[in-house]
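This report covers the overall fold and the nonpolar cores of the model shown below.

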Amino acid sequence: MIPGHSILLLCNHFSWWDGFFAGHLTQTYLHRDFHIMMQEDHLQKRMFFNRVGGFSINRKSKEVVTSLQYAAQLLDDPKNLVAVFPQGALESNHTEEINIERGIDYIVKKIKGDCQIIYYSAFIEYFESLKPSVYFHFLNCGTNHNFDYEKVKMLINSHHKKALKEQVNTLH
Amino acid sequence: MIRNQKNFFIRCILHYYTRWIVGRHFHEILFNTIEVDSNRSILLIANHFSFWDSLILYIINLKLLKKKFHVMVREDTTLHLKHLKYGGAFSVNKKSKDMLESLDYAAGLLNDPQNLVLIFPQGKLYSNFVNDINFEKGVMRIMAKAEGKFQLIFAATFIQYFKHKKQSVTVYIKNEDCMGKGFDDLKNAYQKYYDSTKLQQTEIVI
């Protein structure tokens, strides 16, 4: 973590719990004000998320640019963190490819302040326990000043594949 | 070796407890149907990544396979959880000579067409994300001893969440012909089945 930088947190999206994972990590580890980009129809059904950092995006509407600009604006302030699911859809936890939507590039280019980009792969495991455990594999993707969309996309995908391999060797 | 034991009262408690706990923790259990031969017992081979595996397959047995459930469990687990033996668990210890006794006992169970024996050939718990399924050789001894008397079934279990708060489980089951299969053939056949089912799970996008 780089002090004095806001954080753009990119997370893999495979479950209902992902937003809560991101919120929990923000509170306990990343120590920023939590904001999260949510699909508009999902947010409308649960408007209370609006009070705890949720803001909407609707990819099919013209307003998509407004949402991306709003995210960038939040990231101008070093106190803030914005969690985004770059895959743009729920995908299997077993997936090996992480799709990074173009919107990420747009957000990062619009940030005027200093922002660090962090990605994590989360994996659910059970082993001996009846309750699942979640394992996070973090990756520092640099700051908005040296951001290159294609390079970060490759970096995230190779990190995700490596994380999957490491996960297999997890001690339990 | 610890053998499974009969106790009507404890078995009933375990039966209802398993149904209750699986029902409570899972959003849904999805499985495909296959033909079950009533004249042969069932040897069920499955992947092993959690404590839930046997409980889920117990439910699949109740709903689809309808045989008497038996499962081969590591000896330290049966010693730790003493009630498992009343639910059809018998022990195996890879490091002891007892192992042959356990394998022969499993083969003996397969002589009765009403029985089902569940085996995790991986031999221990592995990560949910393994690509290569470790296969222990003991299963071949069981198959050789009980040849012709059982129906071989492959099961591959996957747990995922997607849009629900509770996890859902998908079990892919398939009849497999075991006649004349050597260890490598069996291992490759299961690996191929696991790969294809895992790919189906991986490709889901919501």
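A nonpolar core is a set of buried Ala, Val, Leu, Ile, Met, Phe, Trp, Tyr and Cys residues joined through C-beta atoms within 7 Å. Buried means that 20 or more other C-beta atoms lie within 10 Å of a residue's own, with C-beta atoms placed from the backbone. The model is predicted: local features need pLDDT of at least 70, side-chain atom pairs count only at pLDDT 80 or more, and totals for chains, interfaces and linings use all residues. Residues are numbered from 1 along each chain as its sequence is written, and chains are lettered from A in the order in which they are written.

In general, nonpolar side chains tend to be buried together in soluble globular proteins.

| Core | Residues | Members, including |
|---|---|---|
| Largest | 53 residues | B:Leu43, B:Leu44, B:Ile45, B:Ala106, B:Val117, B:Ala155 |
| Second, separate | 41 residues | A:Ile7, A:Ile36, A:Met38, A:Phe85 |

Strands are DSSP runs of E, at least two residues, and helices are runs of H or I, at least four, numbered from the N terminus. Leaving out residues up to four places away in sequence, B:Ile45 touches B:Ile119, B:Pro121, B:Val139, B:Phe154, B:Ala155 and B:Tyr190; contact requires C-beta atoms, placed from the backbone, within 7 Å.

Chain A has 5 helices and 6 strands, in the order β-α-β-α-β-α-β-α-β-β-α from the N terminus. Of its 172 residues, 37% are buried.

Notes. Buried ≥ 20, exposed ≤ 12 C-beta atoms within 10 Å, placed from the backbone. Contact = placed C-beta atoms within 7 Å.
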